[in-house]
Amino acid sequence: MSEDKLLEDDFIEEVATTNGQELQVIDKVLPKHISILPLSQRPVFPGISIPLTFSGNEKIKVLKKAHEEEEGYIGLVLAQEYNEEDYTESEYYEVGTLYQIMRIVPIAPNTVQVLGRGVRRFSKKKEVLVKPNIRWQVDYAHIPKEKPSPDLKAYMMAISTQIREVLKLNPVFQEQVNMVVGQLNYEAPGQTMDVISNLLSGDSETMQELLETFDLLERANKLLGLIKEELEVAKIQQRITQQIDEKVNKQQKEYFLREQLKAIKKELGIEKDENESEAEKLEKQLAELELPEEVLKIVNQELNKLKTLNPQSPDFNVTRNYLETIAELPWGKFSDDNNDIKLARSILDGDHYGLKEVKDRILEFLSTVVKRGKIAGSIICLVGPPGVGKTSIGKSVASALGRKFFRFSVGGMRDEAEIKGHRRTYIGAMPGKMIQALKRVNTSNPVIMLDEIDKIGSSFRGDPASALLEVLDPEQNSSFLDHYIDLPFDLSNVLFITTANQLDTIPGPLLDRMEVIPVSGYVMEEKIEIAKQYLVPKQLKEHGFEEDEITFTNEALQEIADKYAREAGVRNLEKQVRKIIRKAALQQAEGEETNFEISKDEVEGYLGKPIFRTEKLYDKPIPGVVLGLAYTSMGGATLYIEATGIKTGRPGFKLTGQLGNVMKESAEIAYSYVRSLVCEMSEDCKDYFENHQVHLHVPAGATPKDGPSAGITMSLALYSLATRKPVKDNLAMTGEITLTGKVLPIGGVKEKTIGARRVGIKELIFPIDNKKDFEELPDYIKEGLTVHFADYFEDVLKVALES
């Protein structure tokens, strides 16, 4: 017998009996052998029509064959492990549902939708075919013809009650459940339970277990449990939905009430539209300002535009923010200047110790401001090492003038928009630092300090230094144009003060617009007075001490300044004082002492071993070793130059010590000049450079060095080496040299003098052209020093060599 054709004995006749008598055939003949197709999501239950979708050529062939040749009958079985590539390789459960196809509808390439209904449960008897499609011999579930037992009826009534509760909570199944509940037949409980099972949302394993339960009483028990679970889920879902609905309804109610209130107020003339009220508010603010005619014209245009815009429009916020920025600027607002120069001098003297030259230059500048009634001339640029008080001088200038003070750092700034603002077309656009500063201080004539101007950067976003050219030029900044407000604003009444550690990195055009005021470092005596008058009282107050609880002797302060804080400024000196006071606070907290007098001998106990011992490397003069003076961003310092010769029988010259190009050229000049000089001397000296490789080194090797001012120092080191004559002890020098031996002037005389005093050098050599610079130094800096002024290198030799 071929399995591809169904014979008559492959069918089972279904008959209905009543009271033991055979009446008539009421069901169609069901096939004993059927083709099997897998279900991947959940099983299908008998008794309800349900559409299904199938994909794949092999499945579609099986469906069409069943529809055309097998009266539409096909077996649907849930797959335990579904194989998408070949459905015949899938693993199936043993129980499925006979499904009768009514119609096949193509919905996509290789995909059809099948309309049909579940007919009867079946269980697998044996597998009769696997390829090309699966066919099983099946046994159908027996439908009992006797009346249900009282227990089963009770279960059905409970199921009916629970399903009605689900209906109330979950309206999704309302139509289907209404139909089922309306036709509940306690005489056919199996069919009723199958229809209800189809409506539940249990997982595939649970629903398959329900399908495999043939005993009606046991199935009713499981179904009742599933319905109760569905009811609990529905209750939770209803509670969540109700909470969301209440929230939404409350928001909608509030919105409608606000809109009604707004409409009522508008009708009564109490309130106007948002855009109208915003425009009127801004119009009132702007009317109080003294706006130039050009600015007023633009402002009126923007106000008219604001009135026509919808408040929900993005342009509304952009225009409003723009007008608010203009309204917050201090158009025509000025603070009254202090015209008392004596008061200004007393403020500067009270805030800063020493710095007489700096104070005089600032007071000269301020006198001109007072005389003219406006800023005139260049911008002040305070140049000096870190920690000498450049920023605090700026604050004192503002205080002396009675003006408001605003400081911001331009160090590391790489975006031009930081200075001139962003254009309004950009999202998040805002004005530049200058306009922001004026908004903050709310006056058109503040003192604005630009800190660290020597560290300003540049990038692909623009060059902030170039943007500052307009800001710091008194001839241009009367009509400064910020990109954001795009209106001219007068900055000519602003007093700009800039600070820098060195001038080398400031662009030339920018430096040209500034008046440079050097702020040199402090000598030992100044540091001690600054510590006594300012640093110690400040730190005692910050740490909660009374002035008499902790005292420092002069010798202790000198020890701290000399051994632990030898830099040009006083910032590190303040750190060391703070460290001592913190340790004293700890000792007091632990109950060791209540009052402290810090003496010289106790400093090491608080601060540890000295950081600086001496800059003097050699105890006695050595031929080829000379001490020079240098000027760095940290102030003045001493610098050794060492020269030695290696006898090779041929000349040579080598440089080490991280020297810059200018310093290398100075060394080459010194070498050539000294070689020409010693040729006129004895044979031993004359032949020295011919037979020796000369090595010139500048410690420390890790520190970059550059500049021409070490010319005479390097020349003297080479001369001393060639003649084997040591240089006088306790002598330092500085000066540029030419190929003819002429000594040229250098810069930083004050800083270099202070650097020499700091390490105890008492005899100095300067170029003769720097004599006037030295004579202008305060007496307390020149006191105790012996200074020689050299016009030519021969003048240096007369002073430096022992014989």
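Gly202 counts as partly exposed because its relative accessibility is 27%, where partly exposed lies between buried (under 20% relative accessible area) and exposed (over 50%), with a 1.4 Å probe and protein chains only. The model is predicted: local features need pLDDT of at least 70, side-chain atom pairs count only at pLDDT 80 or more, and totals for chains, interfaces and linings use all residues. Residues are numbered from 1 along each chain as its sequence is written, and side-chain values use heavy atoms, with hydrogens and water left out.

**Whole chain**
- The protein chain holds 27 helices and 29 strands; these are DSSP runs numbered from the N terminus, with helices H or I of at least four residues and strands E of at least two.
- Of its 803 residues, 45% count as buried.
- Among contacts (heavy atoms within 4.5 Å) with a separation of 6 or more, 73% join residues 24 or more positions apart.

**Around Gly202**
- Gly202 sits in the loop between helix 4 (189-199) and helix 5 (204-211).
- Neighbours within four places in sequence aside, Gly202 is in contact with Arg42 and Met207.
- Glu230 is 28 residues away along the chain, and its C-alpha atom is 8.1 Å from that of Gly202.

**Helix 17**
- Helix 17 (residues 524-542) has 19 residues, which should span 27 Å at 1.5 Å a residue; the end C-alpha atoms are 25 Å apart, which agrees. The expected span is 1.5 Å times one less than the number of residues.
- A kink of about 50° is centred on Ala531; the bend is the angle between axes fitted to the seven residues ending at a residue and the seven starting there.
- Buried residues of helix 17 include Met524, Ile528, Ala531, Leu535 and Leu540. Glu526 and Lys527 are also buried.
- The buried residues pack against strand 19 (550-552), helix 18 (554-563), helix 19 (571-589), helix 24 (749-758) and helix 26 (779-782).
- Gly544 follows helix 17 and has a positive phi, near 80°.

**Cavities**
- There are six cavities of 30 Å³ or more. A cavity is a set of points on a 1 Å grid over the protein atoms alone where a 1.4 Å probe fits but cannot get out; lining residues have an atom within 4 Å of a point.
- The largest cavity has a volume of about 180 Å³, the space filled by probe spheres set on points joined across faces, edges and corners.
- Its lining has 15 residues, with Val625, Tyr640, Lys728, Asp729 and Asn730 nearest the centre.
- Strand 21 (residues 625-632) gives the largest share of that lining, three residues.
- By class, the lining of the largest cavity has ten nonpolar residues (Ala, Val, Leu, Ile, Met, Phe, Trp, Tyr, Cys, Pro), four charged (Asp, Glu, Lys, Arg) and one polar (the others, Gly among them).

Terms used: 1 Å grid on protein atoms, 1.4 Å probe; cavity = no way out; pocket = protein on both sides within 12 Å on 5 of 7 lines; lining within 4 Å.
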